[in-house]
Amino acid sequence: MRHTQSPEAAIASDKAHPKDDEKWMKMALKAAQAAADQGEVPVGAIIIHDNNLIAAAGNRPIGLNDPTAHAEIRAIRIASQYYDNYRLPGSTLYVTLEPCIMCIGAIIHARIDRLVFGATDPKTGAVESLYQIGTDNRLNHLPDITSGVLEEECAALLKNFFSKKRKQR
């Protein structure tokens, strides 16, 4: 598990509950499995606030015909509706795969305090793999970032999904 903390996030980290990271990531994995069951790329995301589940979503770009229907975006939309506010300070977003450029942008704009993800994504990861947007100090808000939580389980779900897809061709 790797941890990156911006100076701004150092204050917010007191609100984080790292001891619960695996528990919450298991819930994100359930959302990812539900996406896989619908033929979507198995990525799941949940949003926690004050140790309560506020939103859960899986990928749905195919089923919704919406390229923005990534798990993170869908979870942010649900949480924003719940709070009647597009900003989500004090929240933690758990996602099974490192966010892409679009998703880390939404996480930053939503002012999410903490991002926890499982597997890295060397092809489109925009937090630490391909790009490092989540730690770019030129931005006005940066989440506290923890990566590698249940990394093997998160990566295995994706690997198995794509392996089955290749066999179906």
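I looked up Glu128 and found it partly exposed, at a relative accessible area of 28%, where buried means under 20%, exposed over 50%, and partly exposed in between (1.4 Å probe, protein chains only). Glu128 sits in the loop between strand E5 (114–119) and strand E6 (144–147), with helices (H or I, at least four residues) and strands (E, at least two) taken as DSSP runs numbered from the N terminus. From Glu128 to Pro99 I noted 9.4 Å, C-alpha to C-alpha, at a sequence distance of 29 residues.

This is a predicted model, in which local features need pLDDT of at least 70 and side-chain atom pairs pLDDT 80 or more, while totals for chains, interfaces and linings use all residues. Residues are numbered from 1 along each chain as its sequence is written, and side-chain values use heavy atoms, without hydrogens or water.

I then turned to Arg166, which lies in helix H6 (residues 151–168) and counts as exposed because its relative accessibility is 52%.

For the whole protein I recorded six helices and six strands, which run β-α-α-β-β-α-α-β-α-β-β-α from the N terminus on. Of the 169 residues, 48% are buried. Among contacts (heavy atoms within 4.5 Å) with a separation of 6 or more, 59% join residues 24 or more positions apart.
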